[in-house]
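Please prepare a briefing on the sheet in this protein and on how its strands pair.

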Amino acid sequence: FYTAPVKALVSEKFFALCDVFGPENVGMLTGDASLNWAAPIICCTAEVLANMALRQGEASDAPYVVMDEFHYYSDRDRGSAWQIPLLTLPKTTFLLMSATLGNTALIEERLHEQSGREVSHVHSDERPVPLDFEYQERPIHQTVEDLLQTDRAPVYIVNFTQRECAELGQALTSAKISTREEKRRIAEAIGEFRFDTPYGKEVRRMIGHGAGIHHAGLLPKYRLLVEQLAQRGLLKVICGTDTLGVGVNIPIRTVVFTKLCKFDGEKVRILSSRDFKQIAGRAGRKGFDDRGAVVCQAPEYVIENKRITEKSARSGGKKKLVKKKAPTRGFVSWNRQTFDQLVLRPPETLVSRFQVSHGMVVAVLQGRGYRWLGELIERCHEEPKRKRRLRRQAAERFRSLRQAGIVELTREGEKGRWAVRVNEDLQRDFSLHETLSLYLVEALEVLDREEPSYPLDVLSLVEAVLE
């Protein structure tokens, strides 16, 4: 099994392995695709393997598992998916990989205790392509034009929201990115490709100027087109979200950070050293570049104030300076020192982020029973105090599933002992792993089953809660 955090990377690895081992020997499993599932080599998202391990445990046919981007073990929302296979597959040989693992001594110790097997640590700080670091206090379009003039393309401009990514992509259509000949080659490469959605015209206009856009909110066919054009060297600039940092195969020579702060699910914070290094590490193409470049933009209000000061100086200081203030909401300021610290600081130590979700409870009940959930919590890499809280969390999840009618208590056997099971009317592989799964369960109750449109209404609701 090869696992990765995003479907795009799973799909990319699937095609690469098909080229090496032949398509008959490679399969793919994601939340919405199943190809050749009985093949000896399977590419899947981490959650797919975790769900399989929860249902089948040691009976899972997974002798070897490669877990790519293993730093997701510390992810607040998804870390459990990287930990569950380690807890439930003791006979499996694992290869845990990441460019930003940090200190893994505690994880190695726990893995050795639970499996009784030796743990090898292969580590190197040496990059095949060295990086240069710059801090810029000028508008982004000037930075981009300078990078292109000094032959440092392709340039990946990092944004932390899809909206900022789209807005910057549109703004760059007025910058000097591609020559007339380069635009002609892009047009030829696009050919008869259909930009047949409302947003397709905007995508077409950006690509036509040599600036691609890439984020999870974009239709897959547009993302794939951007990847293909970039791999052919036709796009000099890619405006992407930080998901490109997980290794999607777009060649990058220069990474430009528009910000050093992002919303982490609770509040806006300065980037962690791991996030910074994960994204910055995309710079430099092995076999193509002698050196890569990482550029950080100063905050917009700092750049604007510098422009105002310079303008005032040119006028002899006759005009009164009215400087901009830093945003007061959804923003944390940074400076050159912040950037330098992120460059030098090592990645943070990975910490366990084990959680008990409704989906986990359902998967365990479909496989090994509620008692196994208690054993799983006992095995997890959390401290004793946290484990007690997880047991209470599991009980709360179980009660809410009973109230929703998804889980039932039944009497079984001659002695009529109480047993727990998932509602028999649900399909065998029923799951609750989407963010809005429980909303869907409640919403379906409101629909009128006698209405002719009922099947389409159900389908529309399901599609509405899926990525």
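Two strands are said to pair if DSSP finds at least two bridges between them. Helices (H or I, at least four residues) and strands (E, at least two) are DSSP runs, numbered from the N terminus. The model is predicted, so to be read with these limits: local features need pLDDT of at least 70, side-chain atom pairs count only at pLDDT 80 or more, and totals for chains, interfaces and linings use all residues. Residues are numbered from 1 along each chain as its sequence is written, and side-chain values use heavy atoms, with hydrogens and water left out.

- Six strands form an open sheet in the order 3-2-4-1-5-6, and their pairing is mixed.
- Strand 3 (33–35) and strand 6 (93–96) are the edge strands, each pairing on one side only.
- From one strand to the next, the twist averages 20 degrees.

**Pairing around strand 4**

- Strand 2 and strand 4 run parallel and are joined by four bridges.
- Within this pairing, M28 stands opposite C43 of strand 4.
- Three bridges link strand 1 (residues 2–4) to strand 4 (residues 41–45), again in the parallel sense.
- C43 is also the bridge partner of Y2, while C44 stands opposite T3.

**Cover over the sheet**

- Four of the five residues of strand 4 are buried (under 20% relative accessible area; exposed is over 50%, partly exposed in between; 1.4 Å probe, protein chains only).
- Helix 2 (residues 46–56) lies across strand 1, strand 2 (26–30), strand 4 and strand 5 (64–67), where contact means heavy atoms within 4.5 Å.
- Helix 2 runs at about 105 degrees to strand 4; axes are lines fitted to C-alpha atoms, for helices over the stretch in contact, and angles run from 0 to 180 degrees between N-to-C directions.
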